[in-house]
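Hi,

Here is the structure I promised to pass on. Have a look at it first, and then read my notes below.

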Amino acid sequence: MKQRLFRRSNDSHDMMTLNTTSLPDLIFTVLFFFMIVTHMRDVDLKVQYQVPEGTEIQKLGHKASIVNIYVGKAENGEYAIQLNNQLSTISDIRTFLEQERKRMGSEDLARLTVSLRADRDVPMGIISDIKRELQKQNALRINYSATEKSKDTSKQ
Amino acid sequence: MFRRRQRHDVPALNTTSTADISFMLLIFFLVTSSMDTDKGLLRQLPPHEEEQAREEVTVKKRNIMALQIDADNRLTCNGDTISLVELTQRVKTFVANVDDDPLLPEKTLREVHLLGTCRVSDRHVITIQANRHSTYDAYFNMQNAIVRGYALLRDQLARKCFGHGYALCSQDERDAVTLVYPQRISEMAEEGEEGGEP
């Protein structure tokens, strides 16, 4: 019996083909997984930034209610603010927030959070100016974007 | 005869390339999307007030902890240069004031839901003043250290009263704990006071 099996597989000229019928389904599953867990990169970053590290950080909730402000080094080596897809100044924050507010539903509007993605080395002057402008525009929930630092390095 | 032939000749759709197509879709999504979830330190800014409407609040000296960051990113607390770990420790002792030290903030007796009557530290104020030339990193780390101080205190209280950490508390329990240790941080701009944070 064993010998026959061996001979048969050795003699056969047509190789057994792998059944790939379910391969598309498999890949579709992976695709859907990625579509759900990731979100589209909606802006081209014109500034380079590296957010600080913190231990007490929380995950931000609803994505639709988050407005991003990027602060970092622009191509000319100076610190700049980026709103949407262009480099901007403090005074542009007003129109930017108005636009974003128009886009949002009333539910998201109540939860509006401004996520400040700022580089570590940005001088505090820029940050305080932004904060003051946000206060004026009544966008009071802000988030200092950061990455998680492992807890043991900062243990007291 | 005719009928039989027709039944047999259903042509199968060639689906060999479906896998390739879906692979391409997958790769497209991988390239255009980003995985990074937004995490960070959530803070509430005080509402904006007109210059003239601002009222002067006099706070007793024992209730104030003055933090400053100078242009060289040095952190000073009431005049002493300290490290971030020391800051967390100081925030803890300052806010908790376990032994009712007359130099540390006052506490008031209040009825707290779930906890009964307890002494609440609702008079203290931590003031922050950051120099315009200091870096954001220094400021962020300071905020982080302060929040860490509060988080440790709240966790301690939650463990003592409810038997589990703050992270596992229900909303009611969290409210009770935050009432005992409210975050009272006030940020000041270079020019003048910037307002408080409840």
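A definition to start with: two strands pair if DSSP finds at least two bridges between them. Helices (H or I, at least four residues) and strands (E, at least two) are DSSP runs, numbered from the N terminus. Residues are numbered from 1 along each chain as its sequence is written, with chains lettered from A and ligands numbered from 1 in the order in which they are written. Keep in mind that this is a predicted model, where local features need pLDDT of at least 70, side-chain atom pairs count only at pLDDT 80 or more, and totals for chains, interfaces and linings use all residues.

On to the sheet. Strands β4 (residues 66–73) and β7 (residues 113–118) of chain A run parallel, joined by 6 bridges. One of the pairs is Asn68(A) with Ser115(A) in β7(A). Helix α5 (residues 124–136) of chain A packs on the sheet and touches β4, β5 (79–83), β7 and β8 (141–145) of that chain. Its direction makes about 170° with that of β7(A) (axes are lines fitted to C-alpha atoms, for helices over the stretch in contact, and angles run from 0 to 180 degrees between N-to-C directions).

The open sheet has 7 strands with mixed pairing, in the order β3(A)-β2(B)-β8(A)-β7(A)-β4(A)-β5(A)-β6(A). β3 (58–59) and β6 (86–88) of chain A are at the edges with a single partner strand each, so one side of each has no neighbour in the sheet. Chain B joins in through β2(B), which pairs with β8(A) in the antiparallel sense over 5 bridges; Gly40(B) is the bridge partner of Ser145(A) there.

How many residues of each chain are in contact with the other? It's 44 from chain B and 48 from chain A, where contact means C-beta atoms, placed from the backbone, within 7 Å. On the chain B side, α4(B) gives the most, with 10 residues.

Most residues other than glycine have a negative phi. Asn73(B) is in the loop between β3 (64–69) and β4 (75–77) of chain B, and Asn97(B) in the loop between α3 (84–96) and β6 (108–112) of chain B. Asn73(B) is partly exposed, with 17 other C-beta atoms within 10 Å, whereas Asn97(B) is buried, with 20. The cut-offs are 20 or more for buried, 12 or fewer for exposed, and partly exposed in between.

Cheers

Notes: Two residues are in contact if their C-beta atoms, placed from the backbone, lie within 7 Å.
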